[in-house]
Amino acid sequence: MPRQGGFGPPTSDGFSQKDYTHPAAGYGAAMSVAGVMLRERLPLQVAHSVVRMNHDRVSYDCPGCAWPDDQKITMDVCENGIKHAAWEMTRERARGGFFAEHTVSELATWSDYALEEQGRLTEPMVYDAESDHYVPISWDDAFALYGEEMRKLDSANEASFYTSGRLSNEASFLYGVMCRALGTNNMPDCSNMCHEASGRALTASIGTGKGTCDFEDWNETDALFILGSNSASNAPRALTTFAEAVRRGADVVHVNPLFEAGATRTIVPHEISRMATFQATDTATASLQVRPGGDMALIRGMSKVVFEAAEHDPDVLDHEFLSGYTNGLEAYRELCRTTSWDEITTQSGLDEDSIRRAAKIYLRAEKVVISWCLGVSQHEHGVDQVREIVNLLMLRGNIGRPGAGPSPIRGHSNVQGNRTCGVNHHPSEELLTATDAEFGIDSPREDGLGTVDTIEAMHDEKVKIFVGMGGNFVRAVPDPEYTAEALRKCALTVQVSTKLNRSHLVHGRKALILPCLARTEIDEQASGPQGVTVEDMMSMVHMSVGHREPASDNLMSEPAILTRLARAAMPESSIDWEGFAANYDTIRESMARVLPGFEGMNELIRQPGGFRIPQPPRERQFTTPSKLAEFSLEALPDVIPTDPETLVLQTMRSHDQWNTTIYSNNDRYRGIKNVREMIMLNPEDMRARGISEGDPVDITSTSRDGTQRTLRGYRAIGYNTPVGSAAGYMPEMNALLSVTDFSTQSDQPIMKNIFVKVAPSA
């Protein structure tokens, strides 16, 4: 009987935490991968697929993170990528007979892990309210039901179209065209919850929503600063780059409230001689333990030191770049001068000497890359934090030249490509004009709904149809109970998925599950086998071609599903949706005419390595209103709660987890075994609250709307986190956030900035 409730797999008695002291990756990763391959009973199949992943030749792109491919490595894979491929390739199948045996009400009591363990979905399903079962439905009838419900709407703005980062560029482009042909820009996506702050900040500072670096910049820089990222789990292939940087004499500085395994040592598995002799390589030359949200204060302190050094040596500053390409230097100089060291050290949680040492590393480096992840962006002041990073880079001209620049670490394999190709609820006029010219439509000009606004609109019954392309919406967002209430008010919910998850069981009055091909599978269409493209975090676009037989003969590709949805909702549309489904080259021909930098796309993606989308800031062409790179002039935020009993909680993934998919209840790199419902606390904070190791505790948050939420009976684990802070896992702790707890700068849920009180359970 599947475990009832909860998120992860069943737990055995006892749990533990012991500091992880081994190198990251290496034999720990190899043993973990072997365990997954054996558990899925697919050792040979997974091994065969691994050698087809992330190559120049015809291969498929890793369905995990967005780290760029290293063309110098024969086996450019990692533990998480192999786990994710095995997860897709499972032998298990959730066939129609499974749904006949279990009501939706019963399935709703199962754990998330148990739901996904049923394996791949094999045929379209529709919810039957009378029996409370999902029952099979033909593809034709499924699309007819969708089209009928769409045509009942008074406005296309009564529908909202969500996507996760797994969608290909071609599917993302079709999604955007379909929505705008319908008449809406309601296109929430997972960027609204992760890097929206980065995009808005970079656009304001340098005129692009992306980082400016490519892989070669990382490989030739003199100093890498990595902020707010657990790289060993978020982008494990980055460990190779860190190790190579240290070996060639570059500085690698990790900045994070938690000291993570990726910031210590690694044994890179593809370095056979080092694996054989247990030779580890350092992945850092320095680490700084900031308090949550304290990154901006650290960067301000570093800039303050740079200006101090310039008083003695004017050439410290890149005057040619600053005078010719930037705006606001003197105002920023004055801001740094008047920001006191007391404020900087208090807000960063670091002493002045530590900040000065970091600044010294920055000053002695000719070329600097600064990278960051959600530890920087998921705060109220996330936009300001990213803009402060750009400020520091500009002082020494570390933008628009080799080996230097801002470089956010994106999590999903194609989350950046989604936005590039049109998944954007705030589309630019340039995109809309080009789309209208290509397809003869009249795109709406008003902004659409993002993730948080979509939840509110569903709750108010202003959005009546919700379409989810991938992901597990109800688990990924804040305030899952409120979100579930909102989804249940919909007239129709449609989930395009590979496996059963919680979002299928939290449904509207009518509901469809549409099963799609996985990244690893052959996509056969009328013109023959198809490939799709993805964009990595450094703007490289390359082809992905599946090689495995589909899990079922009754699956459709995402582009095929989208074209059928479009035709069902707009039967009179003059757009050749059927032609797009038959041959993806025709999609790319339209993309080449609509998207800047995609000209000649069909030829470019067939060359080794694909192509890089041109970015004006790399050539020091800034498309801000002033045509200059803009200094940000914001005061430091106060990140310390006024109530000394309040802790700042940050949510995160465990190592054995990918987004909302949980592989086990262990977290190898944090030394945690057999528990997920726990909270990591500084031992000093535990003593002050009368909490001992392993004690059950209650965690209570107070939201901006004044409401309180409590998680009860979580286990307390002592951990090296700054005094006054705490950490725990998502999606479990998403319940502590209200939908009102989002950044006013980015509209992102502030998942790294939750104010909580922790007390022994009654």
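The legends below describe close-up views of a predicted model, in which local features need pLDDT of at least 70, side-chain atom pairs count only at pLDDT 80 or more, and totals for chains, interfaces and linings use all residues. Residues are numbered from 1 along each chain as its sequence is written, and side-chain values use heavy atoms, with hydrogens and water left out.

**View A. Phe98 and Trp110 form an edge-to-face aromatic pair.** Rings of Phe, Tyr and Trp (its six-membered ring) pair if their centres lie within 6.5 Å, and planes under 30 degrees apart count as stacked, over 60 as edge-to-face and the rest as tilted. For Phe98 and Trp110 the centres are 5.9 Å apart, with 65° between the planes. Both Phe98 and Trp110 are buried, where buried means under 20% relative accessible area, exposed over 50% and partly exposed in between (1.4 Å probe, protein chains only). Ring pairs join Phe98 and Trp110 with Phe99, Tyr127 and Tyr134 in a cluster.

**View B. Tyr325 and Phe622 form an edge-to-face pair.** The ring centres of Tyr325 and Phe622 lie 6.5 Å apart, with the planes at 75°. Tyr325 is partly exposed, at 30% relative accessibility, whereas Phe622 is buried, with a relative accessible area of 3%.

**View C. Cys179 is buried, with a relative accessible area of 0%.** The closest cysteine sulfur to that of Cys179 belongs to Cys421 and is 14 Å away, which is too far for a bond. Across the whole structure, the search finds zero disulfides, a disulfide being a pair of cysteine sulfur atoms within 2.5 Å.
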